[in-house]
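Work through the exercises below with the model open. Try each task before reading its solution.

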Amino acid sequence: MRRHRNVKIVATLGPASNTYDMIRALHEAGADVFRLNMSHGEHGAIAEQHRIIRQVETDLDSPIAILADLQGPKLRVGVFANGEEDLAPGAQFRLDLDEAEGDSTRVNLPHPEIFKALREGATLLVNDGKIRLRVLDCSKTHANCEVVVGGVISNRKGVNVPDVELPVAALSEKDRRDLEFVCGLGVDWLALSFVQRPEDVTEARALAAGRAAILSKIEKPSAVTRFNGILAASDGIMVARGDLGVELPVQNVPPIQKRLVRACRAAAKPVIVATQMLESMIESPVPTRAEVSDVATAIYEGADAIMLSAESAAGSYPVEAVTTMDNVAREVEGDPTYTQIIEASRTASRTTVADGIVAAAREIAETTDIKAICCFTQSGTTALLTSRERPRVPIIAMTSERGTARRLALSWGINCVMTSELDRFKEAVINAARAARAQGYATTLDQIVVTAGVPFNVPGTTNILRVAPCQESLIYATDPG
């Protein structure tokens, strides 16, 4: 299914979007990737969503990526005898391992790993940062705190510890069970929550065993500090601005977002900008002007994908939210300023033959009348390198691997077309010309650029570039191969 934009749209599924008709409508409206949120929903419901997505994919003959988002370690307080308490600024409040119900002076925090890592002066944030506590003194079993910012604290509210690296694995026992389950289903991407270090990614990759690509969610200060190592260990990145905006001052998030997006582009790894992009559309059929500007900013930065969470999972207007993102993307990408910004931020780091081939393909396409760049790819690497160049013309990724086509649905500008396995370059050129014509990118009067690796079907061998006519008789007449 051809998209008239380059940035991709990720839509989260949930109670508002769990039927065949709705999932198909979301894909037709512009959703390229569907996110399965493992924090909600039993395995049976997740399996049914997966089945429906694959049915839509078959019915529309359109590769769709499925992203399973693992919950990660959730740190929460216990329960209160009265259900909730109002903490006043300046008061003292104790967190401890005592399982007794809480009151206005204390509550259980059933996470000994937090107490082991805490130190005097550390900050604890409760309920998405609405309550702020400062540690006065602590031990391995408790922390006596001063209430810096007060408010109502209630049962099982989440706790963030922004300025301490916690000795907590990114994968809980629930995550390990969920990982095995969704890999068995056949998802394309695994999103890891609350990554703190590269080793968290390495652990998940070993468990996935090649069955899914690994995407790291950046939502903790320690992940920002160690981002280069995390990026190197990951296949993709999500800038998860929700928890990141809780654990860091909110004014820090926009520049961090820009830095992370640029680093991912330079590494040729897809990056999603997520959280509260069209939050008001949970209840409203139209977004706020500020939300539209936020979506546009991520697109101007060159993000591979932008994501809807509750807007499509539980909102009243899921299709309208996807349509809004699609409309904003088309408008932004049609702006001459967009092209200037994207090209000004293009990386010039090229160290391999494949780097040179895709750079040359982009240069030729932009300086002559070329309608598309067609790249043959088995593992997806060539397509990702081509996407990194952010060419002005469409990218058609030709692959015989269904899994590769699905994973590439997350990456900027890549339109995937399935092809049979080939063993001659002339066959590849003919298939590329047919795909360009069939998808509406070119006519028989036009030319395309074709890149491939010889010998065929060997990952990492991109070594040939051909400017080819789309008229097959001319291909046979001019190509001796």
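## Exercise 1: A loop arginine

Arginine 156 sits in the loop between β10 (151-154) and β11 (159-160). The model is a predicted one.

**Task.** Decide whether arginine 156 is buried or exposed, and find which residues arginine 156 contacts beyond its neighbours within four places in sequence.

**Solution.** 
- Step 1. Take the relative accessible area of arginine 156, which is 52%. Exposed means over 50%. Arginine 156 is therefore exposed.
- Step 2. List the contacts, leaving aside neighbours within four places in sequence. They are Arg76, Val77, Gly78 and Val79.
- Step 3. Check the separation for one of these, glycine 78. Arginine 156 and glycine 78 are 78 residues apart along the chain, yet their C-alpha atoms are separated by 5.1 Å.

## Exercise 2: Two positive phi angles

**Task.** Aspartate 128 and arginine 390 both need a look at phi.

**Solution.** 
- Step 1. Start with aspartate 128. Its phi is positive, about 55°, although the residue is not a glycine.
- Step 2. Turn to arginine 390. Phi is near 50°, again a positive value in a residue other than glycine.

## Exercise 3: A cis peptide bond

**Solution.** 
- Step 1. Read omega for the bond between valine 454 and proline 455. The value is about 10°, and the bond is cis.

## Exercise 4: α1 against α12

**Task.** Describe how helix α1 (residues 20-29) packs with helix α12 (residues 318-333).

**Solution.** 
- Step 1. Get the geometry. The two axes come within 9 Å and cross at roughly 10°.
- Step 2. Name the arrangement. Angles under 35 degrees count as roughly parallel, so α1 is roughly parallel to α12.
- Step 3. The crossing of α1 and α12 is right-handed.
- Step 4. List the residues. From α1 come Met22, Ala25, Leu26 and Ala29; from α12 come Pro318, Val319, Val322, Thr323 and Asp326.
- Step 5. Sort them by class. Seven are nonpolar, one is polar and one is charged.

## Exercise 5: α10 against α12

**Task.** Repeat the analysis for helix α10 (residues 289-300) and α12. Then look at valine 295, a residue of α10.

**Solution.** 
- Step 1. Get the geometry. The axes of α10 and α12 are 10 Å apart, and the packing angle is about 50°.
- Step 2. Name the arrangement. That angle makes α10 oblique to α12.
- Step 3. α10 crosses α12 in a right-handed sense.
- Step 4. List the residues. Val292, Val295, Ala296, Ile299 and Tyr300 of α10 meet Met325, Val328, Ala329, Val332 and Glu333 of α12.
- Step 5. Sort them by class. This contact has nine nonpolar residues, no polar ones and one charged.
- Step 6. Zoom in on valine 295. Its relative accessibility is 1%, so valine 295 counts as buried.
- Step 7. List what valine 295 touches, not counting residues up to four places away in sequence: Met277, Leu278, Ile306, Met325 and Val328.

## Exercise 6: The nonpolar cores

**Task.** How many residues does the largest nonpolar core have, and which have the most contacts inside it?

**Solution.** 
- Step 1. Count the core. It has 77 residues.
- Step 2. Pick the residues with the most contacts inside it. They are Phe34, Leu190, Ile299 and Ile306.
- Step 3. Ask which element gives the largest share. It is α12, with six residues.
- Step 4. Follow isoleucine 299. Leaving aside neighbours within four places in sequence, isoleucine 299 contacts Val7, Ile306, Val328, Ala329, Val332, Glu333, Tyr338 and Ile342.

How values were computed: Residues numbered from 1 in each chain as written. Predicted model: local features only at pLDDT ≥ 70, side-chain atom pairs only at ≥ 80, totals over all residues. Heavy atoms only, no water. Axes fitted to C-alpha atoms, helices over the stretch in contact; angles between N-to-C directions. Helix = DSSP H or I, 4+ residues; strand = E, 2+ residues; numbered from the N terminus. Parallel < 35°, antiparallel > 145°, perpendicular 65-115°, else oblique. Left-handed = near helix turned anticlockwise from the far one by under 90°. Contact = heavy atoms within 4.5 Å. Nonpolar A, V, L, I, M, F, W, Y, C, P; charged D, E, K, R; others polar. Core = buried A, V, L, I, M, F, W, Y, C linked by side-chain atoms within 4.5 Å. Buried < 20%, exposed > 50% of the residue type's maximum accessible area, 1.4 Å probe, protein only.
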